[in-house]
Amino acid sequence: MSILPNLQLPMKRLTLTCSVLCAFCTWTYAGPEPISSGKEVTQAVAPQTSCFEGWYFGIHGGGLLSNFDNRADVFEETIAPNNATISTFASGGSSDNWGGEGGFHAGYNWQRGHWIFGLEADVQGSNFSTNSEATAVIVLPPGSPFLFTTDVTAKAQVDMYSTARLRVGYTIGDRIMVFGTGGGAFGLTEFKLNSELESLTPADRGLHGDFESRRNLETRGGWTAGGGFDFCLNQHWILSFTYLYVDLGDRSANDSLFAVSTQGRTYFADTHAATDFKYHVFQGGLTFHF
């Protein structure tokens with residue numbers, strides 16, 4: 001009698017049992033942690049995005065401080081009919097002056113470790129201006145009245161200016177960055193010189209011997225440098241403070257005036273005014289980081 005039919009049933013059972021056991025082992029030990037360890041698998045947390053790197057846009061405002069080294073000078077000379085000559089000189093300058101400004105800024109930052117490298121551009125309007133005056137009066141010999149006086153007024157102002165700058169910063173922690181900055185600047189400036197030679201004697205009262213007015217409104221180029229710090233309120237909002245020194249060059253003008261009194265006395269006056277458009281900027285700003 002053959003025993004094969006009797007062995008087939010146990011062999012099938014053994015094969016099925018081995019298959020189930022292999023599948024169970026494969027499922028148990030699959031993945032980074034075996035179930036038997038009893039440990040819960042946690043996913044790695046993505047690093048926090050920098051609040052400085054990327055595009056940003058903001059508004060700012062502040063003050064300008066300068067006297068523009070603005071000066072007005074006048075040289076006056078009178079020649080009598082007998083060719084006797086008398087001359088005088090006067091000069092005046094402006095004191096330190098404050099003005100306001102406000103505008104917009106935008107830029108992009110790259111971060112490499114603690115270092116920040118960026119480009120920034122800004123534009124702002126300003127109401128900064130300063131004036132200088134000088135008056136020259138010739139005193140004639142005793143018994144003679146004043147005759148003519150020369151007044152000169154020089155005015156300089158900045159209507160708007162803009163800068164384009166490189167920025168290099170270093171982060172302190174995750175929220176504070178200190179930086180230095182520098183680049184080019186240009187501004188819309190105005191420079192005006194008024195010169196007037198006027199009679200003071202009763203015989204010539206109301207007679208204006210000569211008057212000149214020169215006004216130059218132009219766009220000037222220059223440079224700027226400074227520094228500051230940024231403070232992150234959160235991932236999108238940044239408070240900033242910036243100091244800049246702006247140099248837009250200098251400007252000067254001259255006038256020559258001439259008049260003759262009813263007494264036959266001749267008057268000459270040469271006036272000169274000069275200013276340099278150099279000023280300090282103190283800005284506070286609010287920036288949105290995209």
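Which residue of β6 does S129 stand opposite? In this predicted model, the residue that faces S129 is Q157 in β6.

A probe the size of a water molecule, rolled over the atoms, shows where empty space is left. A search of the whole structure identified one cavity of 30 Å³ or more. The space within the largest cavity amounts to about 150 Å³. Its lining consists of 17 residues, of which H105, E120, R167, S240 and T287 are the closest to the centre. Two or more lining residues are given by each of β1, β4 (97–112), β5 (115–137), β6 (148–172), β9 (237–260) and β10 (266–289). The largest share comes from β10, which supplies four residues. When the lining is divided by class, nine residues are polar, five are charged and three are nonpolar.

The structure contains one disulfide, which is formed between C51 and C232 with an S to S distance of 2.0 Å. This bond connects distant parts of the chain, as its two cysteines are 181 residues apart. C51 lies in the loop between α1 (4–28) and β1 (54–66), whereas C232 belongs to strand β8 (residues 208–232). The torsion about the S-S bond of C51 and C232 is about 90°, and the disulfide is therefore right-handed. Both cysteines, C51 and C232, are buried.

The loop between α1 and β1 also holds T49. In contrast to the buried C51, T49 has a relative accessible area of 56%; because this value is over 50%, T49 is classed as exposed. T49 and Q235 are separated by 186 residues in sequence, yet their C-alpha atoms are 7.8 Å apart in space. The loop between α1 and β1 therefore contains both a buried residue, C51, and an exposed residue, T49.

Definitions and conventions: Residues are numbered from 1 along each chain as its sequence is written. This is a predicted model: local features need pLDDT of at least 70, side-chain atom pairs count only at pLDDT 80 or more; totals for chains, interfaces and linings use all residues. Side-chain values use heavy atoms; hydrogens and water are left out. A disulfide is a pair of cysteine sulfur atoms within 2.5 Å. Buried means under 20% relative accessible area, exposed over 50%, partly exposed in between (1.4 Å probe, protein chains only). On a 1 Å grid over the protein atoms alone, a cavity is a set of points where a 1.4 Å probe fits but cannot get out, and a pocket is an open set with protein on both sides within 12 Å along at least five of seven lines; lining residues have an atom within 4 Å of a point. Grid points are joined across faces, edges and corners, and a volume is the space filled by probe spheres set on the points. Ala, Val, Leu, Ile, Met, Phe, Trp, Tyr, Cys and Pro count as nonpolar, Asp, Glu, Lys and Arg as charged, and the others, Gly among them, as polar. Two strands pair if DSSP finds at least two bridges between them.
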